[in-house]
Amino acid sequence: MSEIRNLKPECIWRNFYALTQVPRPSGHLDKIQQFLLDFAKQAGVQAFKDSGNNIVMKKPATAGMEGRKTILLQAHMDMVPQKSPESKHNFETDPIEPYIDGEWVKARNTTLGADDGIGVAAIMAVMEAKDLRHGPIEAVITADEETGMYGANDLPVGELNGDILMNLDSETWGKFVIGSAGGIDVTAELDYKEAETDKEDAALKVTLKGLRGGHSGLEIHEGRANANKLMVRFVREAVEECEARLATWHGGNMRNAIPFKAEVVLTMPKENVQSVKELIDDWKEDFIDEFKGIENTVEFYAEEVDTPKTEVPAEIQDNLIDAIYACHNGVVRMIPSYPEVVETSSNLAIIDIENGKATVKILARSSREDMKDYIVKTLESCFNMAGMKVTTAGSYGGWDPNPDSEILHQLLKTYKELFHEDAIVQVDHAGLECSIILGKYPNLDVVSLGPTIRSPHTTTERCLISTIAPFWELMKKVLEDVPAK
């Protein structure tokens, strides 16, 4: 794996490799926080952990550049912990295993963590560099971005002095992002009294897996299959046609990841087991045909298991199935002025039904507050009709584009000078922390950029090696040419 450290530019790849060796799944950040503080001490720059669990670093200007504007570099320290079904990886203790596959860097059976480890590695490269010319530089490496942008939300006001914010969490080289969608977590819950299972019934554990999954912001418009939405189609028919009963349901594990796997345990009269298995075969054929060209590794199968002692009561079961079936998932509409960009969407991310409790977790996104409210009320209405309590949390606003941004125009000019082609300016549906930071520091001039990363939040996450060197060249030149205050 160490050959990753020998890629060019060495300053970024060496630091990225070091990050892959430190466990940093969202919600478990003690190790990475200490690693970053130790790094800053060794690099000779000021650093501290703030009250929002973010790591802040500050580096003074090089001689003669003290009068330049202060650039604030920003990335997030956590990563999405996704692994292949056969992987034994423990994200809280085990290092990531990166490797080179042709023109890409990938990880063995897990997410790579280039989202946003590459951004953090770039910040580290800037902080340790002795040969860069730059004005004052600050960096904030935020906590738990992937699970609710908690670090950005808890960022103290008055802690930073930056004039320009360069967010390093975009994922297509040659594109500068100047706006992004807001988001909100929607949770539907229901407590129920379990019913006793007929002792003569049989049970099957039904597994749907092998789907591509993906980032619920960047890839929600690609028509990828949602494991929960596919599973509910089968479950409803099994209940209606084969006298099946729902005992448990577990699908998805991250709000911002399209679920690629779901498992249910169904009970049924023993004489109907074969009918359910045949139904699974039929649905598998349908799913493969329906998602031809999008999902190429669909697995859908049943295993006979011990009959559970309890199951979901029939009326509750039917209401839950109806609500999951009716729940909106995917794109609501595109931005009228940017018709290639999703405006509003929802991701039916997580379903857990077991032990007398049903929980459904959804991430809704929109670049318009009124449409964000619309999709929330749509979801709330759906689950209220099933008798579920719906709550919201972690709301953050969209980032309104500023096409007159000074740093944007400098980046466009420098990009053209360095690479002899025009960069693209875009608005993203994926949520970025820029809007939250702008809420606390409204005078910042903001842009987001990064090298090319594909399939974040999945086990096929990969970083395009050839985009790291130009990304670094651009960063160095922008730091050198930062305007005067």
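Two strands are treated as paired where DSSP finds at least two bridges between them. The legends below describe close-up views of a predicted model.

**Figure 1. An open sheet of 4 strands with antiparallel pairing.** The strands follow the order E4-E5-E23-E22 across the sheet. Its edges are formed by strand E4 (98-101) and strand E22 (453-454), each of which pairs on one side only. Strands of a sheet pair through backbone hydrogen bonds, either parallel or antiparallel.

**Figure 2. Pairing of strand E5 with strand E23.** Strand E5 covers residues 104-107 and strand E23 covers residues 462-464. The two run antiparallel and are joined by 2 bridges. Within this pairing, Val105 stands opposite Cys463 of E23. In the order of the open sheet, E4-E5-E23-E22, these two strands lie between E4 and E22.

**Figure 3. The hairpin of strands E1 and E2.** Strand E1 (residues 46-49) runs antiparallel to strand E2 (residues 55-59), and 4 bridges join them. Phe48 faces Val56 of E2 across the pair, the two residues standing opposite each other. In a regular strand the side chains alternate between the two faces of the sheet. There are 5 residues between the strands of this hairpin. Asn53 lies in the loop between E1 and E2. The phi angle of Asn53 is near 70°, a positive value in a residue other than glycine.

**Figure 4. The cis peptide bond between Lys8 and Pro9.** Omega for the bond from Lys8 to Pro9 is near 0°. Pro9 belongs to the segment that comes before helix H1 (10-20).

**Figure 5. The cis peptide bond between Asp115 and Asp116.** For the bond from Asp115 to Asp116, omega is likewise near 0°. Asp116 is found within helix H3, which comprises residues 114-128.

**Figure 6. The interface of domain 1 and domain 2.** The chain is divided into domain 1, made up of 4-180 + 399-481, and domain 2, which covers 183-396. The C-alpha centres of the two domains are 34 Å apart. At the interface, 20 residues of domain 1 are in contact with 27 residues of domain 2. The size of an interface is often given as the accessible area lost when the parts come together. Between domain 1 and domain 2 the buried area is about 1,900 Å², and carbon and sulfur atoms give 60% of it. On the side of domain 1 that touches domain 2, the elements giving two or more residues are strand E20 (424-428) and helix H10 (434-440).

**Figure 7. Polar contacts between domain 1 and domain 2.** Across the interface, 5 residue pairs are in polar contact, with both residues of each pair at pLDDT 80 or more. The count of salt bridges between the two domains is 0.

**Figure 8. The span annotated in UniProt as "domain: Peptidase M20 dimerisation".** The annotation comes from an unreviewed UniProt entry, which lists residues 207-290 under this name. In the model, the span is 40% helix and 20% strand. The C-alpha atoms at the ends of residues 207-290 lie 18 Å apart.

Key
Residues numbered from 1 in each chain as written. Heavy atoms only, no water. UniProt positions renumbered as here; feature names shortened; annotations may be inferred. Domains from an automatic or database assignment. Contact = heavy atoms within 4.5 Å. Buried area = accessible area lost by both parts, 1.4 Å probe. Salt bridge = Lys/Arg side-chain N within 4 Å of Asp/Glu carboxyl O. Polar contact = N/O pair within 3.5 Å; in protein donor to acceptor, adjacent residues only side chain to side chain.
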